[in-house]
Amino acid sequence: MAERPTIYDLSHRELATTLHRWGQPAFRADQIWHWLYRSLVGDWADMGNVPAALRARLADAFDLLPLIPITEQVSANGQTRKVLYRLADGQTLESVLMLYQDRRTACISTQVGCAMGCTFCATGQGGLVRHLSAGEIVAQVIALAREIRAAEIEQAQAQDRRAILEVHPVSNIVLMGMGEPLANWQATWKAIETLTDDRGYNLGARQITLSTVGLIPGIRRLIEAQVPINLAISLHAPNDSLRDQLAPVNRRYPLERLLQAARLYIERLGRRVTFEYALAKDVNDSDDHAQRTAELLRGLLCHVNLIPMNPTPGCPYEPSSRAQMIRFQEVLVKERIQTTVRLSRGVDIEAGCGQLRGRYLESQG
């Protein structure tokens, strides 16, 4: 039997078209969409107001649970949870849930593997296997949201349960997991449109952050789309020679062109751009690197996230010390560039993308 597509691959319009072709009334699309994205059902039988015959036909045509959890890790403080899922074709992907006081953030993947080849990234070291479909991207958010809601309902008093149903279990999404989102543009953008659809999960565009290593054609597509999601660019170096070494895509899209694209994004969307800078000891973390980064970004509406480089097997770099990260930050702040030293969450469970999958694949030979 051929692999079934997941129901999450369908936009609302595509679902309505399918149901119309099956001779169903138009309102069925809204009912099913509500069950999928508001009620977060994990079983067709739970769609109480959908006729049994239609539920059976949907179950025959579409997969409702395209992600099967294989293993998971939870950080010592319980605030970071990493899940390895198996897909219908046997491939695997990682998703991470990060809990903060004011939000619950899902870090999700857009590809199995990655072709960008960044030298410090476990996913990049393994190469690209395939793109994820829009539904496989969406399903990561739904799977994590479903589990959050189930746990909260179980713990809540009866009178509080209705209020829980009105809150997004996952309040923020970062497309920073395995893969380069802009290299899988069509599926990534369709997933964003599905998750922001006000008839369904209805997440605000400004609660979504897309991280790219710097694919300029994709940044231009974001500009053309005119949807105000947050853009994060992996910078990691203030000059082309060093960035060529850390992020080989820079040879194709060098810094001058990348900064031009960032300026255009800021101008057209009126949105601040975040630059991610992973600091590696004695590689890109000197005071001179900080000063050159400040000069590179001067005048831009931007924010810099300084991150200790996450150690991965096969990576030749070590994370910078906390003291050196603070020194780097002080140089940028002195130049009036908003800068945060970001806590590295989930280090005790190797939450950097690709690490859990890599160890699983090694265990499977």
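The model is predicted: local features need pLDDT of at least 70, side-chain atom pairs count only at pLDDT 80 or more, and totals for chains, interfaces and linings use all residues. Residues are numbered from 1 along each chain as its sequence is written, and side-chain values use heavy atoms, with hydrogens and water left out.

I begin with the core. A nonpolar core is a set of buried Ala, Val, Leu, Ile, Met, Phe, Trp, Tyr and Cys residues joined through side-chain atoms within 4.5 Å; buried means under 20% relative accessible area, with a 1.4 Å probe and protein chains only. The largest such core has 109 residues, and Ile 7 and Phe 275 have the most contacts inside it. Helix α5, residues 134-155, gives the most to this core, with 10 residues; helices here are DSSP runs of H or I, at least four residues, and strands are runs of E, at least two, numbered from the N terminus.

Asn 172 counts as buried because its relative accessibility is 17%. Beyond neighbours within four places in sequence, Asn 172 is in contact (heavy atoms within 4.5 Å) with Arg 103, Arg 104, Thr 105, Ala 106 and Gln 207.

Finally, how do helices α8 and α10 cross? The axes of α8 (residues 216-225) and α10 (residues 255-269), lines fitted to C-alpha atoms over the stretch in contact, with angles from 0 to 180 degrees between N-to-C directions, come within 10 Å and cross at roughly 5°. The two helices are therefore roughly parallel, a term for angles under 35 degrees.

Terms used. Buried means under 20% relative accessible area, exposed over 50%, partly exposed in between (1.4 Å probe, protein chains only). Angles under 35 degrees count as roughly parallel, over 145 as roughly antiparallel, 65 to 115 as roughly perpendicular and the rest as oblique.
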